[in-house]
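Hello,

Here is the structure for you to look through. My notes on it follow below.

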Amino acid sequence: MKNDVNDKVPNNSEVNTKEMTEAERIEKDLNEKVGINIDYGSLTSANIIKFLVFSAIGVFFFFLPIIPQEGGSNIVPMVWVVNTFKAAASGIINYLVLIVCTGLSITYTVGKVTKKGFFAKFHEKDGPVTGLLYYLSAVFAFMLVFNAGPEQILNPDVGGLAISLAGSTLFTVTIAGWLVTFLTEFGILEFIGTLIEPLMRKLFRLPGQSAVDALSSFVAAPAVGVFITNKLYNENVYTERESAAIMTNFSVVSLGFFALLVSITDTLHMYGNLVLTSLVVSFIMAAIVIRIPPLSFKKDVYKNGVVQTKEMRKAGKYDSKIFKKAFAAGATKARGTEYSVFITSIADVISFAFKIVSFVASLTVLSLLISTYTPFFDWIGKPMVPYLNLLGLPDATAIAPSTLIGISEIALPAMLIAGKEIAEASIFFVLVLSTVQIIFFTESANAMLQSDNDLSFADLVIIFLIRTIIAAPIVALFAKLLY
């Protein structure tokens, strides 16, 4: 941060001096409120080793396909760990799903009735729709474990597949969610975020610190990124256009959710490629979508009415100290992380996994009932079939419905293609596309509508369609290159 703003401005230009002062104030607010914490005093051998070693372990588990499997291909260690635990518990997985689903339906009821205590707090954010899904998951799980109920639900391609996916999800999300601590708590995300900050204004017409918003979603959940962005918009740190652009382009799903998607489709070996491809495509998409309507029509005005000037949009620069700064960011994060995080994170991981298992059990049965016994999803997907054929994707008719239903719930596209004989390239296409569409009304879009930005329902639907159309050829290219 510059100490003397006027040194940068001609003495005979009071207007420019005022603009630079305002620009410096905005930059200062950004650094204080969303800037990555950097303390050069943290650059000690102990902190650097802690940052490098634990981050390397995270990269090893999630991104290095070094363990051979049948068929000649390799998998990442995280997948091997998940598969090992699943194999060991194969005889009781369905019963575990029943226990989880029944337990959640009970704790939800107790929490909502008593309105106080642990269960009330645990289900504080769970509304009636979520509660209904808990009840349905318990009913479906009971039917499937004890083979009692309508034949449509007991159908192996409906209920059988659903409970299998739920069981797989239980192990995948729990194990991957715990292992992801190596990536989120020891500085590698801060290291990367610091390196890309200077690119944000030039490539995305956004403040450099908006990279932190993207990391917040990546680490936690899309709604977290939306919450942070909305808070800073209300504090006159982001303009209307900037806040809308950040919400609709960088509210990416979390690392744990990527694990859920590959678990649903039984493609754990795709995890590393899925995460990296999704991030690359998301940044490519942001550079495009931010520059076209409806986002380009939003005003560069702060909530208090101040119009953003050209000087306030001045881009940061790379210099010879950027890597030192990035290492300091990583080391600072590592220094502040206690090793007890591996214990304290277990409760959050398990609670997240349990809720996700319940959603998978209920939503998969419902979506597969609709898919198997009605033509509804086929009707939805018909407009996309010619486009997918044009892109040269195999099984275009089978995956077409999955390209548009993600606007309601991001896991639905994966659920719809799970268990079907579909080419790997097309499965990968569906998974990546669902993560880069950003807009889905069970979480991210709902959070955006509740924000103080003027994003409307129509805006979000249009942005979803634009992202789908533009992303499809980019994702198809990656899918063909990788599979």
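How many aromatic pairs does a search of the whole structure find? The search finds 27, where rings of Phe, Tyr and Trp (its six-membered ring) pair if their centres lie within 6.5 Å, and planes under 30 degrees apart count as stacked, over 60 as edge-to-face and the rest as tilted.

The model is predicted, so local features need pLDDT of at least 70 and side-chain atom pairs count only at 80 or more, while totals for chains, interfaces and linings use all residues. Residues are numbered from 1 along each chain as its sequence is written, and side-chain values use heavy atoms, with hydrogens and water left out.

The pair F142 and F146 is tilted, because the ring centres are 4.8 Å apart and the planes are at 45°. F142 has 46% relative accessibility and therefore counts as partly exposed (buried is under 20% relative accessible area, exposed over 50%, partly exposed in between, with a 1.4 Å probe and protein chains only). F146, at 45%, also counts as partly exposed.

F428 and Y483 form another tilted pair, 4.9 Å centre to centre with 50° between the planes. F428 lies in helix α22 (residues 424-436) and Y483 in the segment after α24 (457-482), so the pair ties together parts 55 residues apart in sequence. Helices here are DSSP runs (H or I, at least four residues), numbered from the N terminus. F428 is buried at 0% relative accessibility, whereas Y483 is partly exposed at 28%.

One aromatic cluster includes F54, W178 and Y339.

Regards

Technical notes. Helices (H or I, at least four residues) and strands (E, at least two) are DSSP runs, numbered from the N terminus.
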